[in-house]
Amino acid sequence: MSETIFDKIISREIPAEIVYEDENYLAFNDINPQAPIHILIMPKKRIPTINDIQKNDSELIAGLFFIAKDIAIKKGIDKDGYRLILNCNENGGQSVYHIHLHLIGGRKLSWIPG
Ligand code: AMP
């Protein structure tokens, strides 16, 4: 499991606009936002893809969703709605191999993804 750019954001080697942080998680603005709100939420623990999650990661993975909805409420997009995306591997469009949930909102999103 090699280090990714997100480990460098966690360790502050690379700057990011941090939206939320605690002992186990970090959330920051995506550098290439696809909507007015585009935030990445990740566990600090390095898990490359969703294929690598283990049973004992259950609580950690569930926590991503609690943080996402708390941020959505804080940003005032909970009522209008938003989308959570977790890409996996090449066909899923994953480019950084440290799992992260995309929280995207602030505009009407189309469906289905290309
Ligand atoms: P994914 O393609 O699902 O792996 O998502 C990776 C996301 O990370 C993309 O939306 C990128 O725009 C975003 N990203 C890459 N480098 C940075 C960075 N230094 N700071 C913030 N977001 C980044």
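Here are legends for a few views of this predicted model.

**View 1. The whole chain, element by element.**
Three helices and five strands make up the secondary structure here. Reading from the N terminus, you go through α-β-β-β-α-β-α-β. The radius of gyration is 14 Å, close to the 13 Å that the globule rule gives for 114 residues, so the chain is as compact as a globular protein of that length.

**View 2**
Five strands line up as β1-β2-β3-β5-β4, with antiparallel pairing. β1 (18-21) and β4 (82-85) sit at the edges with a single partner strand each, so one side of each has no neighbour in the sheet. On average, neighbouring strands are turned by 15° against each other, direction ignored.

**View 3. Zooming in on β4 and β5.**
β4 and β5 (residues 101-105) run antiparallel and are joined by four bridges. Look for Arg-83, whose bridge partner in β5 is Ile-104.

**View 4. Helix α2 across the strands.**
Helix α2 (residues 58-75) lies across β1, β2 (25-29), β3 (37-43), β4 and β5. Against β3, helix α2 runs at about 155°.

**View 5. Surface and contacts.**
Of the 114 residues, 37% count as buried. The accessible surface comes to about 7,200 Å², and carbon and sulfur atoms hold 51% of that. Among contacts with a separation of 6 or more, 54% link residues 24 or more positions apart.

Terms used
Residues numbered from 1 in each chain as written. Predicted model: local features only at pLDDT ≥ 70, side-chain atom pairs only at ≥ 80, totals over all residues. Heavy atoms only, no water. Pairing = 2+ DSSP bridges. Axes fitted to C-alpha atoms, helices over the stretch in contact; angles between N-to-C directions. Contact = heavy atoms within 4.5 Å. Rg over C-alpha atoms; globule rule 2.2 N^0.38 Å. Buried < 20%, exposed > 50% of the residue type's maximum accessible area, 1.4 Å probe, protein only. Areas by Shrake-Rupley, 256 points an atom, 1.4 Å probe, with all protein chains shown as cover.
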